[in-house]
Amino acid sequence: MSVEAKKVKMKKKTLRQKIKARIKFKKDPIVLRKEFNELADYDQVGRALINLVNQKKIIRVGYCLYAKAAISPLSGNIIPRTGLINVAKEALKKLNVDTAP
C-alpha cells in the first residue's frame, strides 16, 4: 500500500474528538477551558465544549469550568461523576484557591 493510500484511509480527528479523548484520559474530574488552548482558537474550543455538554459527556460547572458526567442510576439525569463536594474542591484546587479543611 502506498503512502498516499494510507493517508486517504486515516481520517483526521475533529476538535471535539480530540477534546473528548483528552477528557476521557484525564484523572481529574474537572477540566478548564484553557487546558485545550493549544488545540484550537478560543471560540472553537468553546463551541466544541458546548457540543460535548449538549451530548451529555460533560457538565458545565462554572465559567470555563467543566466536570466529567455520568448518568444517575436513580433519576436518569446527568450528574458529575464525583460528588458535588469533590467537584467543588477540585475546581477550587485547579483555580489555585486555598481552602480550609
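Helices (H or I, at least four residues) and strands (E, at least two) are DSSP runs, numbered from the N terminus. The structure described here is a predicted model, where local features need a pLDDT of at least 70, side-chain atom pairs count only at pLDDT 80 or more, and totals for chains, interfaces and linings use all residues. Residues are numbered from 1 along each chain as its sequence is written, and side-chain values use heavy atoms, with hydrogens and water left out.

The protein has a mean pLDDT of 88, with 90% of its residues at 70 or more. Helix H3 (residues 42-54) comes out highest, at a mean of 94, while helix H1 (residues 3-9) is lowest, at 57. Where pLDDT is low, the predicted coordinates should not be read in detail.

Next comes helix H4 (residues 84-94), whose buried residues (under 20% relative accessible area; exposed is over 50% and partly exposed in between, with a 1.4 Å probe and protein chains only) are Val87, Glu90, Ala91 and Lys94. Looking down the axis of H4, these buried residues fall within an arc of 100°, so they line one face of the helix; the arc is that of the directions from the helix axis to the C-beta atoms. Ile85, Lys89 and Lys93 are exposed on the face turned away from the buried side of H4. The buried residues of H4 pack against strands E1 (30-32), E2 (58-62), E3 (65-71) and E4. After H4 comes Asn96, with a positive phi near 60°.

Strand E4 (residues 78-80) includes Pro80, which is buried, with a relative accessible area of 19%. Leaving aside residues up to four places away in sequence, Pro80 touches Ile59, Lys68 and Val87, contact meaning heavy atoms within 4.5 Å.

As for H3, its 13 residues should span 18 Å at 1.5 Å a residue, and its end C-alpha atoms are 19 Å apart, which agrees; the expected span is 1.5 Å times one less than the number of residues. Val45, Gly46, Ala48, Leu49 and Leu52 are buried in H3. Seen down the axis of H3, its buried residues fall within an arc of 165°, so they line one face of the helix. They pack against helix H2 (15-25), E2 and E3, while the face of H3 turned away from its buried side carries exposed Arg47 and Asn54. Just after H3, Lys56 has a positive phi of about 65°.

Key:
pLDDT is the predictor's confidence in each residue, from 0 to 100.
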